[in-house]
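Dear colleague,

I am passing on a structure that you have not worked with before. Please look through it first, and then read the notes below.

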Amino acid sequence: MWDYSEKVMDHYRNPRNVGAIDDADAIGVAGSLTCGDQLKIYLKIENNIVTDAKFQTFGCGSAVASSSILTEMIIGKTVEEVKKITNKDIADELGGLPPEKMHCSVMGYEALEDALKNFNKEEYVDLDDLLGHKPQEQKGKIICTCFQITEELIWDAIKQNGLKTVEEVTNYTKAGGACGKCKSIIQDIINTYYNKQQAEIDKLTPTQWILKVNNVIETQISPELQKDGGDIELVDIKNKSIYVKLKGRCSGCKNSTMTLKNFAEKVLQDSLGTDITLIEVK
Amino acid sequence: MTQKLIYLDNNATTKVDEKVLEAMLPYFKEEYANPSSMYNFSKKSSDAIKEARATIRDFVNAKDEKEIIFTSCGSESANTAIRGVLNYNKTKKHIITSKVEHPCVLNLYQSLEKQGYRVDYIGVNSNGELNLEELDEAVCEDTALVSIMWANNETGVINPIGKISEIVKSKNKDTKLFVDAVQVAGKIPIDVQANGVDLLGISGHKFHAPKGIGALYVNSKTMITPLIIGGHQERGKRAGTENTPYIVGLGKAAELAQSYLDYEVTEIKRLRDKLESNILSKIYNARLNTGVANRVPNTTNIGFEYIEGELILLHLSDLGICASSGSACTSGSLEPSHVLRAMNVPFTAIHGSIRWSLSRYTTEDEIDYVIEKLPNIIEKATSISPYQKELQALKELRK
């Protein structure tokens, strides 16, 4: 039995915005019958705003829930806002998904990306109508031949979700989940991604590095702590050791170590793409 | 509010029969003696085990109760049989099995392949029936073991074990035949002698004994190297202090199952057929995955085209109905059932395949309830499918 959130259950029980839009301005497809899940998303876009969105899904409970909530998330948003939505946003909005089901949120992201790409073409031809079916869009090199997963999708999933292991990549993209032959290539992609991240960090001057770290603290960590009446301040950086001071209600809070390790350090690591150690200065 | 529970997943596990539990209880309480001890206090435990062994002997129609070994489960029975035969015949490196075996067996063969064994996996046709010609061709001088399940857990399709034994023995009389009988025990009669079986495994929780007890039949002509080495229990074939209450439970469950065999082929089969024929006639995108194959009386495997199995199971579960699916999404394995794939069930139906398995506790009211509720559930899942054109075409076709 999967551990589904209440919200996931609500959405597969009562999916919102089901169906097709006959005069859609953009249609996106992800997945296939062979793979066991497919999502088709229809968008109505007026004056650069998504005025309507509908979906059809062949898939499990979490695939239906991901599709359903995605339509709710995008209606009323501008195309630019919609473009910023990641699979993580979809999963977060659902109150989380079991790790093995994260690929359902990725399917939502893929379908949306596909739709917007079609929308941006000056003259959009619906290949679905033209050929009687929708061919799989090939974005770059196929890594997992069983599930037709491209390098680009794996790269995106690593970047958006801070994935570190092959198992995580499989949970998020399905790649490597069938015959498993591509697992070593996936490991190479993970290594390449983090080496590249590291190389970029190494190129930074000490001042640039400090600014980068401080930016994450100020825009991603501090606002969250402020919600609970606390705050955080950068004190010093010595290479990968980041010294911070907890303020307000965070200082002296008995859960502050957990906040530091489970939340702040994780956000920093994911955003910076490298291992750092967060140290509290009392 | 207590929700209705309609349990149609009896190939996964079954409810423990009250009579089985009752028979077991004294051996948890007052009769706790180690059956191997020398004092009078242990006599009742050792007698109870003897009696259970005799019951299992009759249950599978073995010649001698010495041919019965108690184990902890179906997987242990299979591991003891397979490794036991191979380790005893170290020079032979060839094994034959089928593509649709239970994962507990298939995963073991995959690990044996890595250790240098050559394994042939015999295919099945679209109804799930074993390709006997392929089997015939595969048996050779080097074949130590042929391992075939009596009935498949997902489809219920029965393999002709007597015929399989004939084929194997006529090609190589020294090749041993291990039969995984987990899915037939309590559903159809088992006769190891009439069917030329050398080793056979059963698991208690599939026929109303508790989880954690199984048995292995090894005929007197077959030698095995034990898997668990230690004390002298089970005539040295399986060390470890006897699990008296569970062995007693297994014996009682086998005795009851034997008495219900007629009920299986009459009443349970009638209810299964009722469920099956109603689903197939009421739901246009339903497909019987096993065609005309001979099956155990309690199982039906039906594919619902262009929809996904987990979604069906979730909607069923909301109504208290328990079934299982060959879909990838339910297992977390990402790949759909290896059994349905071996049968070449089309991709339109494989992900939406549901297994329904009944037991002697299944009632007519329960079957009627499922027949009443299922069409709406399928309609709900179908209405959100992106394959509306294909579904419409199917609807026209099945009219």
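This is a predicted model: local features need pLDDT of at least 70, side-chain atom pairs count only at pLDDT 80 or more; totals for chains, interfaces and linings use all residues.

Residues are numbered from 1 along each chain as its sequence is written, and chains are lettered from A and ligands numbered from 1 in the order in which they are written.

The largest nonpolar core has 83 residues, and those with the most contacts inside it are A:Ile41, A:Leu43, A:Ile154, A:Ala175 and B:Ile312. Its largest share, 9 residues, comes from α5(A), where helices (H or I, at least four residues) and strands (E, at least two) are DSSP runs numbered from the N terminus. A second, separate core of 78 residues includes B:Ala144, B:Val157, B:Val218 and B:Ile224.

Within chain A, the domain assignment gives domain 1 (1–128), domain 2 (140–198) and domain 3 (206–280), with bounds that come from an automatic or database assignment. The C-alpha centres of domain 1 of chain A and domain 2 of chain A lie 22 Å apart, and their contact takes 10 residues from domain 1 and 9 residues from domain 2, two residues being in contact if their C-beta atoms, placed from the backbone, lie within 7 Å. On the side of domain 1 of chain A that touches domain 2 of chain A, α5(A) gives the most, with 4 residues.

As for the two chains, 21 residues of chain A are in contact with 22 residues of chain B. The elements α1 (6–13), β2 (37–46), β3 (49–58) and α2 (61–74) of chain A each supply at least two residues of the side that touches chain B.

Lastly, helix α7 (residues 244–259) of chain B has 16 residues and reaches 23 Å from its first C-alpha to its last, close to the 22 Å expected at 1.5 Å a residue, the expected span being 1.5 Å times one less than the number of residues. This helix, α7(B), is mostly covered, with 12 of its 16 residues buried, and what covers those buried residues includes α1 (18–24), α2 (43–60), β2 (68–71) and β8 (214–218) of chain B.

With best wishes

Key. A nonpolar core is a set of buried Ala, Val, Leu, Ile, Met, Phe, Trp, Tyr and Cys residues joined through C-beta atoms within 7 Å. A residue is buried if 20 or more other C-beta atoms lie within 10 Å of its own, exposed if 12 or fewer, and partly exposed in between; C-beta atoms are placed from the backbone.
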